[in-house]
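Thanks for coming. I will take one model today and go through its fold, its sheet and a few single residues. Here it is.

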Amino acid sequence: MTTLAEAMRPIELKTTNTPPVCPGCNAPVLLVARYPSAWCNQSGKRIDGFKESVLCRRCDTNNPAAGRLLALFNADGELSTVADGEAFGELVCDWVNSVRHRTPNLADLDSEEARWRADEL
Ligand SMILES: [Zn+2]
């Protein structure tokens, strides 16, 4: 459950000249949001960390909150000039709230843990 304190924490948006590619389809993403996220480890200890979500024009069309945000971007990936800052901020919050509780892919986590234990990370 998201506490109020968590909800009020800042969401950091990353924009770079060379955007990362979407893990789902390898297309450059429009936006990367980094935000605080906490989870419990196997012994029940709370771990505070960060989570990153990407906004992808191809993969996120089924998410209504992402769709409203995607509508603000032009075909070339630039933010539309009609978008005003306040509306943009609200849509970003809606979108992050819609993706922050997505369950991580457990197979990915397992392979990441195996690599970490093998000192590959
Ligand atoms: Zn994608």
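Leaving aside its neighbours within four places in sequence, which residues is V54 in contact with? They are P20, C22, V29 and V32. In contact means that the C-beta atoms of two residues, placed from the backbone, lie within 7 Å.

Some ground rules. This is a predicted model, so local features need pLDDT of at least 70 and side-chain atom pairs count only at pLDDT 80 or more, while totals for chains, interfaces and linings use all residues. Residues are numbered from 1 along each chain as its sequence is written. pLDDT is the predictor's confidence in each residue, from 0 to 100. The protein averages 82 on that scale, and 84% of the residues score at least 70. Confidence is lowest in helix α1, residues 4-8, with a mean of 49, and highest in α2, at 93.

Now the fold. The protein has four helices and three strands, and along the sequence the pattern reads α-β-β-β-α-α-α. Helices (H or I, at least four residues) and strands (E, at least two) are DSSP runs, numbered from the N terminus. Of the contacts with a separation of 6 or more, 45% are between residues 24 or more positions apart.

Next, burial. A residue is buried if 20 or more other C-beta atoms lie within 10 Å of its own, exposed if 12 or fewer, and partly exposed in between; the C-beta atoms are placed from the backbone. Buried residues make up 10% of the 121 residues in the protein.

That brings me to the core. A nonpolar core is a set of buried Ala, Val, Leu, Ile, Met, Phe, Trp, Tyr and Cys residues joined through C-beta atoms within 7 Å. The largest one has ten residues: V29, L30, L31, V54, L55, C56, A66, L69, W95 and V96. The elements giving two or more residues to this core are β3 (46-55), α2 (64-70) and α3 (85-99). As background, nonpolar side chains in soluble globular proteins tend to be buried together.

On to the sheet. Two strands pair if DSSP finds at least two bridges between them. The three strands form an open sheet in the order β1-β2-β3, with antiparallel pairing. Its edge strands are β1 (12-14) and β3, each pairing on one side only. From one strand to the next, the twist averages 35°; axes here are lines fitted to C-alpha atoms, for helices over the stretch in contact, and angles run from 0 to 180 degrees between N-to-C directions.

How many bridges join β2 to β3? There are ten, and the two strands run antiparallel. Within that pairing, Y35 stands opposite K51 and R34 opposite E52.

N26 is found in the loop between β1 and β2, and N26 is exposed because it has 9 other C-beta atoms within 10 Å.

Two more residues. I47 lies in strand β3. Is I47 buried or exposed? I47 counts as exposed, because it has 9 C-beta neighbours inside 10 Å. Neighbours within four places aside, I47 is in contact with A38, W39 and N41. Its C-alpha atom is separated by 8.5 Å from that of S37, ten residues away along the chain.

F73 is placed in the loop between α2 and α3. With 16 C-beta neighbours inside 10 Å, F73 counts as partly exposed. Beyond four places in sequence, F73 is in contact with L30, E78, L79 and S80. F73 and L30 are 43 residues apart in sequence and 8.1 Å apart in space, C-alpha to C-alpha. L30 is also one of the core residues I listed.

That is what I have.
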